[in-house]
Amino acid sequence: MIVSRKTSSAMLLLLLAGMMLLGACSSNETNNGGKSDGQGARGKITSTIYDRGGVAPEEGTMISNRWTKWINEHSPVDVSFVSVPRWESAQKLNTLFASGTAPDLILEYDSVIKNQLYTQKQLLPLDEYIEKSTVYKGMLEKYPTLRKLGTKDDGKLYEIGRISDVIPQHIIYIRTDWLKKLNLEMPKTTEDFFNVAKAFSDGDPDGNNKKDTYGVNLSFVGMMGVDAMFGTIFNANDKNPWILDNNGDLTLGWDRVEAALQFKKRLYDAGIVDKDFLTDGKGDKAKLDFTTGKLGIWGSNGPDAVAYSALKQNVPDAEIAALQLPESPFGSFSPIIGTPISMNAVVNAQAKNPAAIMEYIDFMMSEEATMVLNNGIEGEHYKLGDNGCPAVIDPEKNKIEKNYSGDFAMITGGITGKCASYNLLLNPIEPKEQTVEGKAAYEISKQFAAAYQSAFDAYLDPSRPMVSVIPNAALPSLPQTLQINQTNGFKTVYDIIAKSIISGGSYTAQQAIQDAKAAWQTSNGAKVEAFMKEWYAQNKDKTLLTKDYYDFIKK
Amino acid sequence: MQHTALDKNSPLPLKGSRLSTKQIQKRRRFKKNIPWLIMFVPVVAYYIIFKYIPMGGNIIAFKNYNFTDGIWGSPWVGVDNFKLLFTDPLAFATIRNTFVIAFLSIVVNFPFPVLLALMFNEVRKQWFKKTAQTLLYLPHFLSWVIVGGLVITLFAQESGTVNHLLQQWTGETFPFLYKPASWLALFLASGVWKEAGFAAIIYLAALGNIDPSLYESAALDGAGKMRKIWHVTLPGIRPVVVLMLILGMGRVMDVGFDQVYNLQNPIVSNVSEVISTYIYRMGLQGGQFSLTAAMGLFEAVIALALILATNAVARRFGQGLW
Amino acid sequence: MRLTRGEKWFNLLNYVLLSAASLTCLLPLVNIGAVSLSSNEAILSGKVFLLPVELNVQAYSILFKGTPVLNAFGNSLILTAVGTAVSMLLTFLAAYPLSRPDFYNRRFFTLAIVFTMIFSSGVIPQYLLVKSLGLINSYWAIWLPAAISAYNMLIMKNHFENLPVELEEAARIDGASELRFIGKIVLPLSIPMLATLSLFYGVAMWNNFMSVLIYINDANKLNLSVLVQQMVRSQSLAQDFALRPEDIAQSTPEGVKSAGVMVMIIPLLLVYPFIQKYFVKGAMIGAIKG
């Protein structure tokens with residue numbers, strides 16, 4: 001049957017009319033947040049807040065609870081919050097910005113999202129407002145790097161950050177009881193490392209007469225640890241292979257990538273690692289192997305006291321320490337260290353009352369807000385202990401009332417020094433009531449504190465610098481086409497490397513790297529390299545480099 | 001059958017003496033149409049407002065979309081986005097993989113729900129039928145993150161259950177997850193496992209429409225079980241099967257992102273990288289809305305061609321959708 | 001009824017295959033259930049398979065006391081109930097006229113609808129539309145844009161087309177009005193199909209994630225799907241995310257995540273038997289004769 005022409009043209013007209021209507025609607029819309037009343041009274045602002053679905057019903061919701069009330073009672077401005085689901089923040093922020101309804105203050109960890117908003121010209125430069133700022137201006141003066149890292153390539157300051165102590169982030173634990181049992185020394189070189197790992201997998205360290213142990217894990221942090229020994233980062237999770245050549249220029253360090261690949265192949269071929277590491281993206285399987293006493297050297301993200309106590313429950317005699325990374329032909333390195341500065345907030349370019357936002361930031365950075373949003377209310381959630389640090393009164397009560405305040409604390413000043421959580425982990429407090437369980441738990445925390453302390457000793461020494469020149473968070477945002485080239489090029493390279501690891505003699509490291517270089521070139525790799533080199537030459541003094549981390553370590 | 005009815009009543013411009021009959025027919029048709037038109041007005045409004053108007057947003061595929069200028073204000077770039085897409089070396093492989101996986105999915109995944117429904121139809125014990133149906137419908141509600149974990153638990157090379165058994169029997173293990181062929185087989189099988197039970201529901205409902213007396217007369221003719229299935233059951237659900245096939249062709253190109261993402265690993269990326277994962281990485285890495293819109297349009301054109309072709313074939317057998 | 005030997009073997013094989021398939025579908029759920037009822041240490045040590053280890057209901061108590069799961073559950077119920085009703089009504093309004101052979105331009109309209117199934121609009125134009133209609137933060141933003149699934153509409157239309165033509169002719173001769181014809185003949189004859197499509201819409205609404213995430217800003221109005229998804233994601237963090245120590249500290253324990261998945265799935269299991277009873281063989285013919 002033939003469609004009547006009248007009907008179809010009528011439809012088309014309607015369609016066009018509708019489209020124009022929509023266009024008109026959307027272009028006339030303006031930002032609805034942050035109305036200023038213009039009377040010099042309390043400013044009103046809006047802010048995002050992560051929602052992780054962890055607020056108890058009696059507490060209210062992430063946008064209305066005791067902490068939002070506390071903030072509104074104590075802050076010089078009125079704040080209303082918009083919740084952003086933590087694991088979908090890119091999607092949510094994109095729609096909010098695209099429709100012009102984004103809040104004034106955006107709290108976001110992911111630098112990719114923030115860079116994208118900057119490229120889209122959605123962010124407000126803060127320089128003139130910071131001039132009138134009090135607390136935050138003081139912080140910028142005290143820590144010039146904070147300004148460096150917040151400044152974008154147009155020379156203006158966009159991002160708000162905070163300072164934390166420099167602590168180990170990736171920790172490579174080794175089973176020292178296995179070392180003793182097999183009469184081995186802590187490995188000093190990568191060759192030693194190979195031999196120790198081999199002994200861990202072949203020498204039946206768990207004494208059950210079965211070959212059921214692994215030497216080291218190649219998933220997640222384990223893989224990153226092996227990369228770090230060779231002074232490179234090129235794995236499923238991170239790709240940051242940029243190093244300095246003899247002239248001090250930034251270049252892609254293929255030699256190191258190749259050496260690391262060669263080493264991984266040896267580990268794989270010798271049966272030292274779980275052959276399924278590629279399907280263990282988050283390292284869950286490796287963690288399980290470690291806690292059940294089947295893995296000798298394990299890369300952990302953060303200290304992970306929980307994994308340690310699970311290990312002790314399964315293998316009461318287990319002892320662990322952090323492994324100082326063995327020396328490779330490229331030198332001695334340390335795995336990734338927690339960043340001293342994290343940039344956590346940006347301001348919407350459409351914000352109506354930037355001055356009020358600055359007032360709010362100053363308030364949140366103040367000691368009072370920092371204390372309350374990180375520890376709760378004194379007398380209610382904590383009291384000061386003998387060491388002068390807040391001690392939790394009732395952990396169960398805090399689970400319900402306090403734990404979710406962490407996301408509000410994103411733009412408070414960080415808790416540093418002796419009361420920071422890592423220091424509490426390093427110095428466990430002996431329970432006053434001497435129950436059997438309490439004593440046992442204290443014993444375990446003491447042992448763990450020793451293991452954790454060894455990570456500080458092993459990884460924070462500038463003579464064994466942290467791997468990579470530019471920390472991941474400070475890597476520049478590339479122009480669109482180059483970004484696509486880099487993303488796809490690196491992905492292809494990594495896929496080739498992964499294939500080579502598991503292919504034994506049929507796909508040598510040399511061949512793989514040769515193929516990888518070719519693939520990188522077809523993906524315009526040379527242009528990406530040129531951009532990075534140029535960028536580094538111009539920005540090396542303006543941005544945060546890994547070597548700057550050591551300035552933050554308190555002597 | 002419907003088509004003959006349609007042709008009889010079509011307002012074809014006939015000339016001559018039957019004009020008055022034609023007019024009567026026309027008037028009768030109009031009268032019949034009144035209640036239908038009233039029903040249909042909200043539907044037309046719905047489709048214009050919620051589907052066709054936003055569809056205009058696809059023009060960003062030809063623009064360099066940015067938030068500040070919006071959909072209308074962003075500058076035109078012609079077919080630059082498409083050029084960028086097709087000069088990206090990964091894009092070609094991506095499109096090829098999508099075709100391969102899409103084709104295999106139709107061939108493999110389509111028959112299982114029909115088969116399941118036929119099997120259920122032969123079960124006499126009601127409690128068994130109901131329990132089994134409910135259980136098979138269950139995996140539909142597990143997210144791919146969970147199913148992906150299950151696949152690894154079962155098929156991992158060292159710790160996987162299947163390889164444990166293999167090792168006991170043959171002394172060797174097989175890298176199911178790292179060979180393109182076996183990975184594809186697992187990919188398809190997990191799709192069948194997760195969705196076949198749920199997809200069978202539509203056929204189960206259609207089976208409810210078959211007249212039991214047809215089975216009785218077939219039995220009187222001395223037909224065995226297989227012949228009853230062949231001559232009564234299958235023809236009874238044929239319209240639904242054809243419909244599902246046509247609709248399936250329209251959806252075939254959107255190889256589910258979650259499934260690929262949760263099952264893939266770098267070793268098989270040369271077969272597993274598909275359009276949806278490509279779009280995801282592009283979107284996540286840099287909010288390339290224009291580029292992903294271009295890829296989306298490309299995908300849609302292919303899907304349209306497929307669905308039109310399938311429908312044309314189906315029409316030959318009097319089963320067309322339109 | 002006597003069965004031949006071949007038929008006996010056929011039946012046996014049929015039962016065996018279906019039982020095996022059912023078992024593979026049951027075991028993962030049993031495992032999730034067992035994890036939700038086990039102690040955290042047992043889960044971390046990989047001891048939990050099909051039975052809970054160190055049985056306790058702590059995960060459920062954390063879920064119900066420490067998260068807005070009950071509120072989200074209620075929201076999911078409202079979203080699903082109203083959403084299914086709206087969808088079924090609109091889908092019927094589209095499918096029924098299109099199934100009538102005499103309906104004006106029915107081919108054009110059908111094709112125009114199929115077209116929307118393929119050329120969808122992006123997220124952002126859709127968002128701008130919902131915003132200009134003033135529906136942000138309202139459940140209508142969830143119900144309306146997804147009200148008619150072209151897929152389901154075509155299934156319904158196809159079903160109506162395959163109803164015996166004699167029925168309509170008989171009704172016309174009796175002089176029954178369109179409404180009467182629909183109410184007395186078409187709908188009663190379509191119960192299995194209507195039940196199925198309600199299930200499809202209902203399940204899709206229950207699982208609805210993306211549009212709730214995008215259109216709903218009020219944390220009080222979020223549904224179970226978004227809540228559980230956040231828990232699953234915090235557990236199985238995608239590799240692409242830059243992980244912060246804060247994220248690790250606040251990740252949902254495995255047991256609580258599993259409990260969330262259970263709370264999300266169980267209602268759907270309970271609903272299914274009610275739909276199933278409409279799939280009885282010959283339901284439609286019975287309706288005509290009765």
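Asp204(A) is partly exposed, with 16 other C-beta atoms within 10 Å; a residue is buried if 20 or more other C-beta atoms lie within 10 Å of its own, exposed if 12 or fewer, and partly exposed in between, with C-beta atoms placed from the backbone. This is a predicted model, in which local features need pLDDT of at least 70, side-chain atom pairs count only at pLDDT 80 or more, and totals for chains, interfaces and linings use all residues. Residues are numbered from 1 along each chain as its sequence is written, while chains are lettered from A and ligands numbered from 1 in the order in which they are written. The model scores ipTM 0.88 and pTM 0.86.

**Confidence by chain**

- Chain C has an average pLDDT of 86, and 91% of its residues score at least 70; pLDDT is the predictor's confidence in each residue, from 0 to 100.
- Over residues 285-290 of chain C, pLDDT stays under 50, and the model has five contacts beyond four places in sequence for this stretch. Two residues are in contact if their C-beta atoms, placed from the backbone, lie within 7 Å.
- For chain B the mean pLDDT is 85, with 93% of the residues at 70 or more.
- Residues 1-11 of chain B stay under 50 in pLDDT, and the model has 13 contacts beyond four places in sequence for them.

**Loop residues of chain A with positive phi**

- Asp204(A) lies in the loop between H9 and E6 of chain A; helices (H or I, at least four residues) and strands (E, at least two) are DSSP runs, numbered from the N terminus.
- The phi of Asp204(A) is near 50°, a positive value in a residue other than glycine.
- Ser468(A) is placed in the loop between helix H18 (436-459) and helix H19 (480-502) of chain A, and its phi, near 85°, is likewise positive in a residue other than glycine.
- Ser468(A) is buried, with 24 other C-beta atoms within 10 Å.

- In helix H2 (residues 66-74) of chain A, the buried residues are Trp67(A), Thr68(A) and Ile71(A). They cover an arc of only 105° around the axis, which puts them on the same side of H2(A); the arc is that of the directions from the helix axis to the C-beta atoms.
- An α-helix has 3.6 residues a turn, so residues three or four places apart point the same way.
- Lys69(A) and Glu73(A) are exposed on the other side of H2(A).
- The cover over the buried residues of H2(A) includes strand E2 (78-85) and helix H15 (367-375) of chain A.
- Helix H10 (residues 221-229) of chain A is mostly covered, with nine of its nine residues buried; among them are Met223(A), Met224(A) and Asp227(A).
- Packed against the buried residues of H10(A) are strand E5 (170-175), helix H9 (190-202), strand E6 (214-216), helix H11 (254-269), helix H12 (284-291) and strand E9 (295-301) of chain A.
- Gly231(A), which follows H10(A), has a positive phi near 70°.

**Lys63 of chain B**

- Lys63(B) sits in the loop between helix H2 (19-55) and helix H3 (70-73) of chain B, and is buried, with 21 other C-beta atoms within 10 Å.
- Leaving out residues up to four places away in sequence, Lys63(B) touches Ser74(B), Pro75(B), Trp76(B), Val77(B) and Ser290(B).
- From C-alpha to C-alpha, Lys63(B) and Pro75(B) are 5.6 Å apart in space, and they are 12 residues apart in sequence.

- The axes of helix H3 (residues 58-66) and helix H15 (residues 254-276) of chain C come within 8 Å and cross at roughly 70°. Axes are lines fitted to C-alpha atoms, for helices over the stretch in contact, and angles run from 0 to 180 degrees between N-to-C directions.
- H3(C) and H15(C) are therefore roughly perpendicular to each other; angles under 35 degrees count as roughly parallel, over 145 as roughly antiparallel, 65 to 115 as roughly perpendicular and the rest as oblique.
- Tyr139(C), in the loop between H6 and helix H7 (140-143) of chain C, counts as partly exposed, with 19 C-beta neighbours inside 10 Å.

**Contact between chains B and C**

- The contact takes 70 residues from chain C and 68 residues from chain B.
- H1(C) gives the largest share of the side of chain C that touches chain B, 12 residues.
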